[in-house]
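I opened my notebook and looked at this structure piece by piece. Follow along with me on the picture below.

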Amino acid sequence: MRTTVSVIKADIGSVAGHVVVHPDTIATATRVLAEAKAKGVIFDFYVTNAGDDLELIMTHRKGVDSPEVHEVAWTAFKEAAKVARELGLYAAGQDLLSDAFSGNVRGLGPGVAEMEFYERPSEPIAVFMADKTEPGAFNLPMFKIFADPFNTAGLVIDPKLHAGFRFEVYDVFEGKSVLMNSPEEMYDILALIGTPGRYIVRRIYRRLDDEIAAVVSVERLSLIAGRYVGKDDPVAVVRAQAGFPAIGEILEAFAFPHLVAGWMRGSHHGPLMPVPQRYSRCTRFDGPPRLVGLGFQVRNSKLIGPVDLFDDPAFDETRRLAQRIADYVRRHGPFMPHRLGPEEMEYTTLPEVLEKLKDRFIKIEGATKAAEPKLKTDLLSRETKEGD
Ligand code: 13P
Ligand code: 13P
Ligand code: MG
Ligand code: MG
């Protein structure tokens, strides 16, 4: 029997602005999932939050993209959003972009990371949930976990990892993906995923036998909605140990608080700070962006755990460095590269501000206009968006 782990999340409203999910909405989602478990639609579940995002971690035997399981998640979000509206929570229903559920929550606003596998005799997994950032925030750590031998000793030592991993990289603007092999195509992989706002590591497979190793939610809200509605705070699931990277190798990739896009109004770069669940609430300048990690054992399609993976002083220095980076970048105020670049800002309310100024520009006689670049890769072109 194959087990599916489905992590489906949405921001359905929060307390005191975009800070934290309300316990009543967690209770409502828990009730919906408990009913689904009693009916046998799902086998087990754990409801939690990453800051203002409501997170549904579910196990079942219906495979990925199951209409029944997605409907359970959709119902949980809808019911929780109803409670959020009653309580007057901030941005109630934020991530539920449509009322028209038709079998799958993808494209409707929620973020989804699902994988199906035959359980190993012992099946440890790590579930990562971030707030105030975007799916591409996982690019750097996923690369380190599955392709960098200085991070993951198993790539060198363990014969099952030694053949490397296959990366599915998804182009969010084109809706296309490409499979690339590490280590041979490592530099090509990096050439793409170094642009995390567009090319996102979506799935990773072990090359030895094509087993699924990791999955990341790739939904980008603003690209679905065509405007900024909230950040696409992502989730990821990673399998650990016995032929996959050890839990410690997976966590090691988060010991460096790299810069990610998100933070205040989804419009700023800041360090990704790994925190225990109790610190999963974004405060300073609505951040800095945060990551929580929960470890489980999956057994007979049930969840054993969780363990709060970043609740460890071993990550104190990472958090301290993140604070110092936060101090440093914040002093740039509204300047890039703290504030995101113009192509990302197109989805925010900044264009409305700029619109006002456009008629005030006066042509300068004899001034040259910048030439079109000779080599037009579509790496950063915005044409696809305009054609949408
Ligand atoms: P233990 O000896 O504590 O089981 O650890 C084994 C291991 O491989 C840790 O990465
Ligand atoms: P969320 O995406 O977490 O809702 O945050 C939105 C925001 O604008 C924070 O400043
Ligand atoms: Mg919010
Ligand atoms: Mg959020």
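**The sheet**

I looked up the sheet: it is open, has 4 strands in the order β2-β3-β1-β4, and pairs in the antiparallel sense. Strands are DSSP runs of E with at least two residues, helices are runs of H or I with at least four, and both are numbered from the N terminus; two strands pair if DSSP finds at least two bridges between them. I noted that β2 (44-50) and β4 (111-118) each have a single partner strand, so one side of each edge strand is left without a neighbour in the sheet. From one strand to the next, the twist averages 15°.

This is a predicted model: local features need pLDDT of at least 70 and side-chain atom pairs count only at pLDDT 80 or more, while totals for chains, interfaces and linings use all residues. Residues are numbered from 1 along each chain as its sequence is written, and chains are lettered from A and ligands numbered from 1 in the order in which they are written.

**One strand pair**

I found that β1 (residues 2-10) pairs with β4 over 8 bridges, in the antiparallel sense. I then checked Val 5, and its bridge partner in β4 is Met 115.

**Contacts of one valine**

I turned to Val 237, counting a contact when C-beta atoms, placed from the backbone, lie within 7 Å. Leaving out residues up to four places away in sequence, Val 237 touches Val 5, Val 7, Ala 113, Met 115, Ile 125, Val 127, Ala 214 and Val 215.

How values were computed. Axes are lines fitted to C-alpha atoms, for helices over the stretch in contact, and angles run from 0 to 180 degrees between N-to-C directions. Two residues are in contact if their C-beta atoms, placed from the backbone, lie within 7 Å.
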